[in-house]
Amino acid sequence: RMIEKDNINTNKSTVKMLESILSRENMNRAYLKVKRNKGAGGVDKMEMDELLEHLKTHREEILTSLLNGSYKPYPVKRVEIPKENGKTRKLGIPTLVDRVIDMSTLFWTVFYRTIYLNFLEFICKSKIIYLIPSRVN
């Protein structure tokens, strides 16, 4: 049966996770990945060469709004891309800042998923080795 106490704070782990995602190192990696991808700017019309200065200037404001849950991503810019059959398909282009934030969560998720899967693999191998009796020659 689940514990039915009101004093359990599940928000602590969420805050720690967000702090890890928004760490300087993780955000820098995300910025470099977005820069390497060379995408077009979204509805805010920011260019790639403006992004770094914007992130430096507004870093604390962005991080605070993400941590307290008040961050609102910009609308996605809609463009139509021509297809080979002559028709077009719609494509959504997020702002560069939103892409950096998305990329930071992706890096963190992949990193911790890899650690978790490696841990599970280690545990499974340990159990298998334990369960299989060694040969006696």
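**Note on charged residues, the core and the hairpin**

1. A search of the whole structure, which is a predicted model, finds two salt bridges.

2. One of the salt bridges is formed where the side chains of E25 and R29 meet, with an N to O distance of 3.3 Å. Both residues belong to helix α2, which covers residues 24-37, and they stand four residues apart, or about one turn of the helix. E25 is exposed, its relative accessible area being 56%, while R29 counts as partly exposed at 35%.

3. The side chains of E60 and R59 also meet in a salt bridge, here with 2.9 Å from N to O. In this pair E60 counts as exposed at 51% relative accessibility, and R59 is partly exposed with a relative accessible area of 24%.

4. R99 is placed in helix α4, residues 96-131, and a polar atom of its side chain lies 2.2 Å from the backbone oxygen of A40. If neighbours within four places in sequence are left aside, the residues in contact with R99 are V34, G39, A40, G41, I93 and P94.

5. V34, one of those contacts of R99, also has a place in the largest nonpolar core, which holds 19 residues and in which V34, L51, L55, V97 and V100 touch the most other members. The elements that give two or more residues to this core are α2, α3 (48-67) and α4, and α3 supplies the largest share, six residues. Not counting residues up to four places away in sequence, V34 touches M48, L51, L96, R99, V100 and M103. In soluble globular proteins, nonpolar side chains tend to be buried together.

6. Y71 sits in the loop between α3 and β1, and its side chain is joined to that of D98 by a polar contact of 2.2 Å. Apart from neighbours within four places in sequence, Y71 is in contact with S65, L66, V97, D98 and I101. The C-alpha atoms of Y71 and E61, which are ten residues apart along the chain, are separated by 9.4 Å.

7. Strand β1, residues 77-82, and strand β2, residues 88-93, pair in the antiparallel sense over six bridges, and in this pairing I81 stands opposite R89 in β2. The two strands form a hairpin with five residues between them, and G86 in the turn has a positive phi of about 90 degrees.

8. Where in the structure does K45 lie? K45 is found in the loop between α2 and α3, and it has a positive phi of about 60 degrees although it is not a glycine. Most residues other than glycine have a negative phi. K45 is also exposed, with a relative accessible area of 66%.

Key:
Residues numbered from 1 in each chain as written. Predicted model: local features only at pLDDT ≥ 70, side-chain atom pairs only at ≥ 80, totals over all residues. Heavy atoms only, no water. Polar contact = N/O pair within 3.5 Å; in protein donor to acceptor, adjacent residues only side chain to side chain. Contact = heavy atoms within 4.5 Å. Salt bridge = Lys/Arg side-chain N within 4 Å of Asp/Glu carboxyl O. Buried < 20%, exposed > 50% of the residue type's maximum accessible area, 1.4 Å probe, protein only. Pairing = 2+ DSSP bridges. Core = buried A, V, L, I, M, F, W, Y, C linked by side-chain atoms within 4.5 Å.
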